[in-house]
Amino acid sequence: MKKKRCFSRGALFILALLFAAGFVLPTLLTVTNSFMTESELNANYGQVFSSTASSGSTTYLSESVTLKFIPDKVSFSQYITVLFRSPEYLLKFWNSVILTLPIVLVQLGFAAVSAYGFTRWRGKVRSVIFFSYVILMLMPYQVTLVPNYLVSEKLGLLGTRWAIIFPGIFAPFSVFLLTKFMRRIPVSLIEAARLEGAGEWKVFTRVCLPQCRSALYSVAILTFIDNWNMVEQPLILLSDASKQPLSVYLSEINTGEVGVAFAVATIYMIPSLLLFLHGESYLAEGIAYSGSVKG
């Protein structure tokens with residue numbers, strides 16, 4: 001029996017290692033290739049795409065591609081081009097920051113207040129509203145994109161950053177996650193604060209929010225990553241290309257600048273990776289606790 005258990009655990013470990021390598025290798029390839037010289041990149045990848053001038057279409061060429069993880073010579077020329085010689089890349093980067101940070105910060109505040117209301121308020125109306133939040137959470141963004149477009153057009157927000165920020169602020173997932181987490185706070189703790197004369201606002205800020213630190217980190221990380229990588233929203237709601245984020249612009253970098261594309265992709269990944277590494281333990285704790293509570 002012990003041999004079978006050891007064999008099964010070893011097989012699962014190897015399988016998990018293969019899956020992990022499959023997820024990590026593309027990221028590792030992007031980072032290492034961003035430090036290669038232009039000549040080495042051209043030698044490895046050749047001309048992968050070729051634009052047909054007459055039709056404007058893009059065709060795949062039957063040329064071999066060499067995947068290389070270790071550069072022969074480390075070069076920072078791509079990063080110099082991105083950071084100092086091409087301000088357009090930095091403009092798109094700051095567009096992503098301007099669109100993402102307000103959504104994350106305001107959504108945290110709105111979701112925390114809403115979740116506290118769902119936790120403290122009991123009744124059939126509350127259940128119906130919360131069920132509606134769950135239904136909206138299950139809908140993909142593409143389903144609500146047309147209503148958002150029409151509402152933004154009626155409000156005169158179409159083509160502005162507010163057309164993206166306002167729908168992002170009221171996303172239902174963060175409310176759902178924080179509500180599930182707040183329900184695990186002992187009722188006796190809240191009642192003790194009420195007996196000491198604390199009002200609803202003090203109970204919310206002094207009791208509930210400190211208890212929900214891991215859940216708040218989880219919501220912040222997931223919301224940041226989701227909105228940092230958005231593509232459909234700016235493509236549909238922002239007609240001005242100068243206001244679009246870097247996530248949209250990454251797809252427009254042509255293969256003649258493959259080194260620059262690798263460098264931009266690496267810079268684009270840094271904020272998400274740093275935020276995830278900083279709050280990894282909070283993220284796992286918040287999701288685990290939120291998923292373990294019923295009701």
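**Cores, salt bridges and aromatic pairs in a predicted chain**

Among the 41 residues of the largest nonpolar core, those that touch the most other members are Val 82, Leu 178, Met 182 and Val 203. Here a nonpolar core is a set of buried Ala, Val, Leu, Ile, Met, Phe, Trp, Tyr and Cys residues joined through side-chain atoms within 4.5 Å, and buried stands for under 20% relative accessible area, exposed for over 50% and partly exposed for what lies in between, with a 1.4 Å probe and protein chains only. Helix H4 (residues 87-120) contributes the largest share of this core, ten residues; helices (H or I, at least four residues) and strands (E, at least two) are DSSP runs, numbered from the N terminus.

The model is predicted, and for that reason local features need pLDDT of at least 70 and side-chain atom pairs count only at pLDDT 80 or more, whereas totals for chains, interfaces and linings use all residues. Residues are numbered from 1 along each chain as its sequence is written, and side-chain values use heavy atoms, with hydrogens and water left out.

A second, separate core has ten residues, including Leu 99, Leu 157, Ala 163 and Ile 164. In soluble globular proteins, nonpolar side chains tend to be buried together.

Over the whole chain, the secondary structure comes to 15 helices and two strands, and 37% of the 295 residues are buried. Of the contacts with a separation of 6 or more, 75% are between residues 24 or more positions apart. The chain exposes about 17,800 Å², of which carbon and sulfur atoms supply 68%; accessible areas come from the Shrake-Rupley method with a 1.4 Å probe, and for residues only the protein chains shown count as cover.

Leu 12, Leu 15, Phe 19, Phe 23, Val 24, Leu 25 and Leu 28 make a nonpolar surface patch of about 730 Å², where patches are made of residues with over 30% relative accessible area and no salt bridge, like charges being joined within 9 Å and nonpolar side chains (Val, Leu, Ile, Met, Phe, Trp, Tyr) within 5 Å. Leu 12 has its place in helix H1 (residues 2-33) and counts as exposed because its relative accessibility is 58%. Ile 98, in helix H4, counts as partly exposed at 41% relative accessibility. Ile 98 touches Arg 161 and Ile 165, not counting residues up to four places away in sequence, and although Ile 98 and Ile 165 are 67 residues apart in sequence, they are 9.5 Å apart in space, C-alpha to C-alpha.

Turning to charged side chains, a search of the whole structure finds two salt bridges, each defined as a side-chain nitrogen of Lys or Arg within 4 Å of a carboxyl oxygen of Asp or Glu. In one of them Arg 120 pairs with Glu 200, the closest N and O atoms being 3.4 Å apart; this pair links distant parts of the chain, with Arg 120 in helix H4 and Glu 200 in helix H10 (residues 200-211), 80 residues apart. Arg 120 is partly exposed at 34%, Glu 200 at 35% and Arg 194 at 38%.

The aromatic side chains form 13 pairs, by a rule in which rings of Phe, Tyr and Trp (its six-membered ring) pair if their centres lie within 6.5 Å, with planes under 30 degrees apart counted as stacked, over 60 as edge-to-face and the rest as tilted. The rings of Tyr 89 and Tyr 249 have their centres 5.7 Å apart and their planes at 55°, so the pair is tilted. Because Tyr 89 lies in helix H4 and Tyr 249 in helix H13 (residues 246-249), the pair ties together parts that are 160 residues apart in sequence; both residues are buried. Trp 228 and Tyr 268 form a stacked pair, 5.5 Å centre to centre with 20° between the planes, and they connect helix H11 (residues 213-228) with helix H14 (residues 258-278), 40 residues apart. Both Trp 228 and Tyr 268 are buried, and together with Phe 93, Trp 94 and Phe 224 they form one aromatic cluster.

Note on methods:
Contact means heavy atoms within 4.5 Å.
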